[in-house]
Amino acid sequence: MAAGILFALSFIATPVKFLAANVPTAELLAVGRVTFRASLLVELILLAVLLILARRRMRYALCVVATILALQWLALMPLLDARTLATMAGNAPPPSFLHLYWIIADLLRLALYLILATLSFREALRLE
């Protein structure tokens, strides 16, 4: 479920919203800010549930996911948010690699979620 939410938000909804015709960029960015904060809350809840339910070795991978998520939100998001606010105010910030770093971190989290789901599925099949 966490992988699906992450994929849908980061790799479908976020880029596609900028294809909307006749919607000012500032409004799209405002929606994005709200959406990303809501998705953080949902992912934190799902991570907490997964950590409670996971077996010991899977908890390590979930802790890696949580660490990546924390780095994104504590290190990258303030910088990206400042760029967003500047853009919304009509000031074009200079090019940066911050979005690329965010995408790489999202891809790492997605890969870990998918690996964990695969391992959990295989383990469930063995127990049957």
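Analyst: Ala, Val, Leu, Ile, Met, Phe, Trp, Tyr, Cys and Pro count as nonpolar, Asp, Glu, Lys and Arg as charged, and the others, Gly among them, as polar. By these classes, the lining of the second largest pocket has 14 nonpolar, one polar and two charged residues. The model is a predicted one, in which local features need pLDDT of at least 70 and side-chain atom pairs count only at pLDDT 80 or more, while totals for chains, interfaces and linings use all residues. Residues are numbered from 1 along each chain as its sequence is written, and side-chain values use heavy atoms, with hydrogens and water left out.

User: What makes a space a pocket or a cavity?

Analyst: On a 1 Å grid over the protein atoms alone, a cavity is a set of points where a 1.4 Å probe fits but cannot get out, whereas a pocket is an open set with protein on both sides within 12 Å along at least five of seven lines; a lining residue has an atom within 4 Å of a point. Grid points are joined across faces, edges and corners, and a volume is the space filled by probe spheres set on the points. The count comes to one cavity of 30 Å³ or more.

User: Which residues lie nearest the centre of the largest cavity, and what is its volume?

Analyst: The volume of the largest cavity is about 140 Å³, and among its 17 lining residues Leu6, Leu9, Ser39, Glu43 and Arg109 lie nearest its centre. Helix 2 gives the most to this lining, with six residues, where a helix is a DSSP run (H or I, at least four residues) numbered from the N terminus. By class, the lining of the largest cavity has 11 nonpolar, three polar and three charged residues.

User: Which helix gives the largest share of the lining of the largest pocket?

Analyst: That share, six residues, comes from helix 3. The largest pocket has a volume of about 510 Å³, and of the 22 residues that line it, Thr14, Phe36, Leu80, Thr84 and His99 are the closest to its centre.

User: Why is proline 78 called partly exposed?

Analyst: Buried means under 20% relative accessible area and exposed over 50%, with partly exposed in between (1.4 Å probe, protein chains only). Proline 78 has a relative accessible area of 45%, and it is therefore called partly exposed. Proline 78 is found in helix 3, which covers residues 56–88.

Terms used
Helices (H or I, at least four residues) and strands (E, at least two) are DSSP runs, numbered from the N terminus.
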